[in-house]
Amino acid sequence: MNLESAVSALELPSIPPLRALVVEDEKLERDALVLLLRGFFPSLEIDEAGNVPEFERFARERPPDIVLLDISLPGGNGMLSLERLRREGLGAQVVVVTAYNTLANLARALEDEVASFLWKPVRAEALREAVEKCVHRRETEIRQAMRIKALEQRFKEALKELAEHGELISASVEGVDDTECSPVRRAVAFIREEPGKASLEEAARHVGVSPGHLSRLFREEGVRFMDVLKDARMQRARTLLLSGASVRQAARESGYGNAAYFGFAFKKIFGIAPSTLRRRPVLSKENPGSSAERSQFV
């Protein structure tokens with residue numbers, strides 16, 4: 001059986017319901033878009049955001065498969081926000097819904113791999129066609145990731161079976177570093193080594209796949225690229241703070257350009273502000289009053 005036949009013969013699990021995120025500050029327009037989506041695509045799970053902070057929060061906490069995105073939003077610019085999220089690993093199909101039909105917006109959207117543009121007021125049929133294209137693309141991406149994962153698993157099982165029957169030397173199988181076989185694990189190793197410099201693009205380049213494909217592989221493993229990156233960055237920041245680095249230095253070297261956002265994210269994870277962590281001493285059990293011990297940090 002050739003590779004194409006093997007791929008076609010794979011039995012794959014059903015695709016879970018896709019999630020859409022409607023980002024629109026005008027409530028009436030947002031309600032209309034949601035109503036149309038529910039009518040055209042009953043199986044879609046739909047979240048709503050009315051400003052940039054809500055958009056970024058939903059994208060990070062409940063990664064969407066499809067985004068309907070307005071450009072002009074309270075709290076920032078929709079396209080700039082999308083750029084930030086793309087760098088963090090957002091792999092959603094995006095439909096821009098805007099009243100600003102300008103070449104500048106179009107150029108920026110193309111750079112961010114926007115699937116479609118819809119001009120306000122949005123026609124129902126145009127919305128259906130645009131989202132239908134996104135659904136088809138996203139389901140194709142998910143199936144492809146499922147096939148790759150299934151083929152990798154079958155390949156590993158075949159190697160083990162051959163080894164057990166003496167057709168391969170066991171040592172040659174056991175000596176294969178699993179990180180060499182898995183793009184996700186190689187990417188994780190890269191992130192942990194250089195969390196301050198790592199990004200979806202850099203990690204994808206390191207393992208030899210596209211950013212979108214790497215993001216999908218992470219999700220197939222049950223984790224999100226941005227969560228792994230955030231965890232590595234926070235652990236690096238904590239280590240830096242414990243070694244005496246300033247909050248600004250820890251933020252910068254762990255990959256956060258905005259010290260204020262870094263402080264908020266750090267406290268949310270560790271339950272303590274980075275400045276407090278840096279000042280808190282650890283007292284020796286043997287000598288609680290030791291001045292040497294007071295120079296240490298938790």
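The lining of the largest pocket in this predicted model consists of six nonpolar, five polar and seven charged residues. Here Ala, Val, Leu, Ile, Met, Phe, Trp, Tyr, Cys and Pro count as nonpolar, Asp, Glu, Lys and Arg as charged, and the others, Gly among them, as polar. The volume of this pocket is about 500 Å³. Of its 18 lining residues, Arg60, Glu88, Arg233, Tyr256 and Tyr261 are the closest to the centre. Two or more residues of the lining come from each of H3, helix H4 (78–88) and helix H12 (225–242). A pocket is, on a 1 Å grid over the protein atoms alone, an open set of points where a 1.4 Å probe fits, with protein on both sides within 12 Å along at least five of seven lines, and lining residues have an atom within 4 Å of a point. Grid points are joined across faces, edges and corners, and the volume is the space filled by probe spheres set on the points.

The protein as a whole has 16 helices and seven strands; these are DSSP runs numbered from the N terminus, helices (H or I) of at least four residues and strands (E) of at least two. Five strands form an open sheet in the order S2-S1-S3-S6-S7, with parallel pairing, where two strands pair if DSSP finds at least two bridges between them. Strand S2 (45–49) and strand S7 (116–119) are the edge strands, each pairing on one side only. From one strand to the next, the twist averages 15 degrees.

Within the sheet, strand S3 (residues 66–69) and strand S6 (residues 93–98) run parallel and are joined by four bridges. Val67 stands opposite Val94 in S6. Helix H2 (residues 27–40) packs on the sheet and touches strand S1 (19–23), S2 and S3, its direction making about 175 degrees with that of S2. Helix H3 (residues 52–61) also packs on the sheet, touching S1, S2 and S3, at about 150 degrees to the direction of S2. Such angles run from 0 to 180 degrees between N-to-C directions, with axes fitted to C-alpha atoms, for helices over the stretch in contact; contact means heavy atoms within 4.5 Å.

Of the 298 residues, 39% count as buried, that is, under 20% relative accessible area with a 1.4 Å probe and protein chains only. Ser215, in helix H11 (residues 211–220), is buried because its relative accessible area is 5%. Leaving aside neighbours within four places in sequence, Ser215 is in contact with Gly89, Gly91 and Leu200.

Residues are numbered from 1 along each chain as its sequence is written. Local features need pLDDT of at least 70, side-chain atom pairs count only at pLDDT 80 or more, totals for chains, interfaces and linings use all residues, and side-chain values use heavy atoms, with hydrogens and water left out.

Technical notes. Buried means under 20% relative accessible area, exposed over 50%, partly exposed in between (1.4 Å probe, protein chains only).
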